[in-house]
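Thanks for coming. Please have a look at the sequence and the structure, and then I will go through a few parts of the fold.

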Amino acid sequence: MKVMIAGAGSVGSSIAKELIINGHEVLLIDEKPEVVARAGVQGARWLFGDACELSVLKEAKLSEVDVVVSATGDDKVNLVVSLLAKSEFGVGRTVGRVNNPKNDWMFDDAWGVDVAVSTPRLMTALVEEAVEIGDLVRLMTLQSGVVSMVEFTVPHDSKLIGRTIGSVPWPADATVVAILRDDIPLTPSLDDVIEGGDELFFVTTIVAEDQLRSVLRNSEPENQ
């Protein structure tokens, strides 16, 4: 996945590092070349200029980008970048950082913002969620890094489809806490049948994430 991040401060660089670790291609845009050393981001491409300028965004080849993240410390800049990305370049997914809670009401589709958030960890998750159907996305870490909340969007060809929540051998340290189906949140029961496109939310220990990922990808019906 190709991601452009406007703003290479602490938030932008944090998102970039995690996305690169997860195998995504990242372009960082910032006005100040000196931020490269300060950001400490290995493996990203850089473009220096004002991300609010069309010429800079054209040079960034924004039409080839999957997701644009506006992560500067200026809400006005984040809104303009999101609007240009969506209206001028048809970017499929925009994630905007809200610095001042009083400006939250402006961060909507009228300004080209698909998702408005203020937490770097959640911004990263929402960027990946745009294309990472069928993989586990960590939304947040709880209890000093021991426990996390993760999300899994069930692919329409998944072996989980048609199985009940209670029939799947979930890891001992992972619990299904919610199902999001057709934008409606559901409290899961053991008898709920999994459908394609369901978003499953788990609370799990970080140690158990790999085991949970394996179950989600490879689980077979009990009669096979």
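I start with helix α6, residues 209-218, whose buried residues are Glu209, Leu212, Arg213, Val215 and Leu216. Seen down the helix axis, these buried residues fall within an arc of 160°, so they line one face of α6. Buried means under 20% relative accessible area, with a 1.4 Å probe and protein chains only; the arc is that of the directions from the helix axis to the C-beta atoms.

Some housekeeping. This is a predicted model: local features need pLDDT of at least 70, side-chain atom pairs count only at pLDDT 80 or more, and totals for chains, interfaces and linings use all residues. Residues are numbered from 1 along each chain as its sequence is written, and side-chain values use heavy atoms, leaving out hydrogens and water. Helices (H or I, at least four residues) and strands (E, at least two) are DSSP runs, numbered from the N terminus.

Next, the strands; two of them pair if DSSP finds at least two bridges between them. Strand β9, residues 174-181, pairs antiparallel with β11, residues 199-205, over 6 bridges, and Leu180 stands opposite Glu199 there. β9 also pairs antiparallel with β10, residues 184-186, over 3 bridges, where Ile179 has Leu186 as its bridge partner. The hairpin of β9 and β10 has 2 residues between the strands, and Asp182 takes a positive phi near 50°.

Last, the open sheet: 6 strands, in the order β3-β2-β1-β4-β5-β6, with parallel pairing. Its edge strands are β3 (45-48) and β6 (115-117), each pairing on one side only. Within the sheet, 4 bridges join β1, residues 2-6, to β4, residues 67-70, and Ala6 stands opposite Ser70.

Methods
Buried means under 20% relative accessible area, exposed over 50%, partly exposed in between (1.4 Å probe, protein chains only).
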